[in-house]
Amino acid sequence: MTPIRIRLRELRESKQLSQAALSDVSGVRKATISDIENEKTSGIDFETLERLATALGVNAVLLIEHTTETKRRRG
């Protein structure tokens, strides 16, 4: 399973967004994005998850979906 923190970073970087730029687009504090990506938080609320997903142009499920590496490579 790929943790949310890794997926968030991968998606953010694939859109060529800095944490600050994602913060501006999503309305989520840069410190919160940093905490998620650096595993300094024990969880993420649904509103924050939805705001980040919307800003990244993906369904929020993509950030939390349980997939194996094999499934992701085929995908």
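Predicted model: local features only at pLDDT ≥ 70, side-chain atom pairs only at ≥ 80, totals over all residues.
Student: Which residues of helix H2 are the buried ones?

Tutor: Within H2, which spans residues 19-26, the buried residues are Gln19, Leu22, Ser23 and Ser26.

Student: How do you know that they lie on the same side of H2?

Tutor: The arc they cover around the axis is only 105°, and therefore they are placed on the same side of H2. These buried residues pack against helix H1 (4-14), helix H3 (30-37) and helix H4 (46-56).

Student: What makes Arg12 count as buried?

Tutor: Buried requires a relative accessible area under 20%, and Arg12, with a value of 8%, is therefore buried. Arg12 lies in helix H1, and, leaving aside residues up to four places away in sequence, it touches Leu17, Ser18, Gln19, Leu22, Glu37 and Leu56.

Student: Why are H1 and H3 called oblique to each other?

Tutor: Their packing angle is about 120°, with the axes 8 Å apart. Roughly perpendicular covers 65 to 115 degrees and roughly antiparallel begins over 145, so H1 and H3 are oblique to each other.

Student: Which residues make that contact between H1 and H3?

Tutor: From H1 come Ile4, Arg5, Leu8, Arg9 and Arg12, while H3 supplies Ile33, Ile36 and Glu37. The residues of this contact divide into four nonpolar, four charged and no polar.

Terms used
Residues numbered from 1 in each chain as written. Heavy atoms only, no water. Buried < 20%, exposed > 50% of the residue type's maximum accessible area, 1.4 Å probe, protein only. Helix = DSSP H or I, 4+ residues; strand = E, 2+ residues; numbered from the N terminus. Arc of directions from axis to C-beta. Contact = heavy atoms within 4.5 Å. Axes fitted to C-alpha atoms, helices over the stretch in contact; angles between N-to-C directions. Parallel < 35°, antiparallel > 145°, perpendicular 65-115°, else oblique. Nonpolar A, V, L, I, M, F, W, Y, C, P; charged D, E, K, R; others polar.
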